[in-house]
Amino acid sequence: MRIGAASSPLAVPLGAALGGYADRVGGATGTLDELQVWCVRLGGLTLVVADVVCVRGDLADSVSAALGGGPVWTTATHTHSGPDLNCGPGIRPTPAPWLEAIPAAAAEAASRVVVADATLAWHAGALHGVGSVRARTDGAPSVPVDVLAARDDDGRLRGVVVVSPIHPTVLPAGNTRVSADLAGAVRRAVRRRLGPSTWVVVATGCAGDISTRMTRRASTPEECDRLGELAAAQIVDVLATEPIHLERGDPPVQAGTRTLRLPIRPAEDVPAAPSGDGRIAHTYRQGLAVARERMTRHPDGVAMLRVDTVRLGAIRLAGIGAEPYLAVRDLVDGVVLGYANGYAGYLPDADAFETPGYEVLSSPFRPDAAGRATRAINEMFEAEESDD
């Protein structure tokens, strides 16, 4: 398989609006670490991973047009310390400056990619002490991680794509300095361990309900680096395990895409907000406000959710244009990337609706949405196999 990767910086000017936190006040005041747009060639698939909070459909289309040739996926690391891309309920346009700047950065990164023959291996393991279910104080601080590794025929590691199921939100709403947050910290730490000749890309998977809220000791750049180093040590260990699948040669790319029309959940279908001024009550009220807004943003009562699949030989990749909960990962027979090719909001699993918090309240979806999305993905995988 012909594989390679390269990146291009994404500059954020002083004063630019930052996205991710409803409570943030003020624009960008500087840069902690430079944002990157990565272009990864995996055989016939082009994967673009940008240090932004979300990728709306118009942005995904613009990146695809700028790169051309074969399936092009554009995903967000979901940093909350990058530019405001107008994320929120309903169909919204990407702000014009970023609708131009991000495809341009992706094209620049693509022009720098040098591909070479390599094998692609899918490794799976766990990260301990980095992230956990953020709505639970008693949740185990352990989450699964997937790593795609490209190696030469002699076994030398050329590069890795880490798919992390953890919200990159170590830095708080009060931070106004641009940063890739945890995704950037993991990227830097893994590369320090693997060496400068190895490229490292960190994408975000089923992170809808997973964050560092219960594992971080502070909300500082130093804590971001600590968690990045902790994750990196375990990712290197995962690379030493036997792969789930190993793909040699140059298999044809089998790709599929669907846009699902899913009925939205009425705002009145949620309970009243709890009393008090604590964080849970505050975020609950924020979720209710989004729930009320979604009624105006979805006047036809339908939310659009895009799902994509690609099969590279035995290795299956799925892209979901939403923030899937971690449980969604177990419903798909493949590596799942969230925040991919669109943005429809949180995609909780059915069980999450029994104890709704901010994420469930602000989601436009009904409890059966995750099941419908994953069934569509698995059906596309099966169709791709039947085409062989």
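**View 1. Four strands form an open sheet of mixed pairing, in the order β15-β16-β17-β19.** Two strands count as paired if DSSP finds at least two bridges between them. Helices (H or I, at least four residues) and strands (E, at least two) are DSSP runs, numbered from the N terminus. The edges are β15 (253–263) and β19 (335–337), each of which pairs on one side only. From one strand to the next the twist averages 20°. This is a predicted model, in which local features need pLDDT of at least 70 and side-chain atom pairs count only at pLDDT 80 or more, while totals for chains, interfaces and linings use all residues. Residues are numbered from 1 along each chain as its sequence is written, and side-chain values use heavy atoms, with hydrogens and water left out.

**View 2. Strands β16 (residues 302–312) and β17 (residues 315–320) pair in the antiparallel sense.** Six bridges connect β16 and β17. Val-307 has Ile-320 of β17 as its bridge partner. Helix α8 (residues 369–386) lies across β15, β16 and β17 and runs at about 155° to β15. Axes are lines fitted to C-alpha atoms, for helices over the stretch in contact, and angles run from 0 to 180 degrees between N-to-C directions.

**View 3. Five strands make an open sheet with mixed pairing, in the order β5-β4-β3-β1-β6.** At the edges stand β5 and β6 (116–117), each with a single partner strand, so one side of each has no neighbour in the sheet. Strand β3 (residues 35–42) runs antiparallel to β4, and six bridges join them. Opposite Trp-38 stands Val-49 in β4. Helix α2 packs on this sheet, where it touches β1 (2–10), β3 and β4, and its direction makes about 140° with that of β1.

**View 4. Helices α1 and α2 pack at an angle of about 35°.** Their axes are 9 Å apart. Contact (heavy atoms within 4.5 Å) involves Asp-58, Leu-59, Ser-62, Val-63, Ala-66 and Leu-67 of α1, and Trp-98, Leu-99, Ile-102, Pro-103, Ala-106, Ala-107 and Ala-110 of α2. By class, these residues are 11 nonpolar, one polar and one charged. Here Ala, Val, Leu, Ile, Met, Phe, Trp, Tyr, Cys and Pro count as nonpolar, Asp, Glu, Lys and Arg as charged, and the others, Gly among them, as polar.

**View 5. A disulfide joins Cys-54 to Cys-87.** The S to S distance is 1.9 Å, and a disulfide is taken as a pair of cysteine sulfur atoms within 2.5 Å. The count by this rule is one disulfide. The torsion about the S-S bond of Cys-54 and Cys-87 is about -105°, so the disulfide is left-handed. Cys-54 is in the loop between β4 (45–50) and α1 (57–67), and Cys-87 is in the loop between β5 (72–76) and α2 (96–112). The pair, 33 residues apart, links distant parts of the chain.

**View 6. Helices α3 (residues 181–194) and α4 (residues 221–239) cross at roughly 50°.** The axes of α3 and α4 come within 7 Å. The two helices are therefore oblique to each other (under 35 degrees is roughly parallel, over 145 roughly antiparallel, 65 to 115 roughly perpendicular, and the rest oblique). The crossing of α3 and α4 is right-handed. Among the contact residues are Leu-182, Ala-185 and Arg-192 of α3, and Leu-227, Gly-228 and Ile-235 of α4. The contact has 14 nonpolar, one polar and six charged residues.

How values were computed:
A crossing is left-handed if the near helix is turned anticlockwise from the far one by less than a right angle, and right-handed if clockwise.
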